[in-house]
Amino acid sequence: MRHYELTVELLAWHEAGHAALIEGMGDQWVDIRIDPKTGSGLIRASTQSPTIIKPFDADNAPRSVIGASNELKSMSRRMAIPYFAGIAAELFYLGKPFTPEAFSDAKFHDFAVARWLLSLTDSEADYPYCARVAFDLVMAYRTRIERLARQLLASGMVLSTEEI
């Protein structure tokens, strides 16, 4: 749960955390947009990204098939991890340590999506693991995150891959 003010700088770090993890996991993003008035951000991922699964596919697959497939479980974890990266980047920016409680507020859209992805394969027990992996990856990609956050702030909160 957030116990701090969400500033424009923090928003930039949050979205940069998502973008850097998407890149670090071998996927692509197209652009990042932040609305400082509402505190909301959006990253459009490339439809060519290997981990993109359309909800139609998951919704129409028999639950027994989804739950039984180790490959699908691995993919749901892989897809969930970048959703945790925003809060992980916020913690790093603020100099706060990793705590599972920081990743436990289901009211945040990011967490709701991550839980949904993990629930597709009955992997909700992996939630703390995915949060920890996201935090560790944010630490590994901190230079890239800082660069993206600065570019976002300098660009007026809109950044595309063509601009970097």
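Predicted model: local features only at pLDDT ≥ 70, side-chain atom pairs only at ≥ 80, totals over all residues.
**Entry 1: where α1 meets α7.** On the α1 side I listed Val8, Glu9, Ala12, Trp13, Glu15, Ala16, Gly17, Ala19, Ala20 and Glu23. Their partners in α7 are Arg144, Ile145, Glu146, Leu148, Ala149, Leu152 and Leu153. I sorted the residues of this contact by type and got 11 nonpolar, one polar and five charged.

**Entry 2: the packing geometry.** Next I looked up how the pair is arranged. Helix α7 covers residues 142-154, and its axis lies 8 Å from that of α1. The two helices pack at an angle of about 130°. That angle makes α1 oblique to α7. I also noted the hand of the crossing, which is right-handed.

**Entry 3: α1 by itself.** I then followed α1 from end to end. Its 17 residues reach 24 Å from the first C-alpha to the last, close to the 24 Å expected at 1.5 Å a residue. Just after the helix, I found Gly26 with a positive phi of about 85°. Is α1 enclosed or open? I counted 13 of its 17 residues as buried, so the helix is largely enclosed by the rest of the structure.

**Entry 4: a closer look at Glu15.** Is Glu15 buried or exposed? Its relative accessibility is 6%, and buried means under 20%, so I put Glu15 down as buried. Which residues does Glu15 touch, leaving aside those up to four places away in sequence? I wrote down Ile32, Ile34, Gly41, Leu42, Ile43 and Leu152. Leu152 was already on my list for α7.

How values were computed:
Residues numbered from 1 in each chain as written. Heavy atoms only, no water. Buried < 20%, exposed > 50% of the residue type's maximum accessible area, 1.4 Å probe, protein only. Contact = heavy atoms within 4.5 Å. Helix = DSSP H or I, 4+ residues; strand = E, 2+ residues; numbered from the N terminus. Expected span 1.5 Å × (residues − 1). Axes fitted to C-alpha atoms, helices over the stretch in contact; angles between N-to-C directions. Parallel < 35°, antiparallel > 145°, perpendicular 65-115°, else oblique. Left-handed = near helix turned anticlockwise from the far one by under 90°. Nonpolar A, V, L, I, M, F, W, Y, C, P; charged D, E, K, R; others polar.
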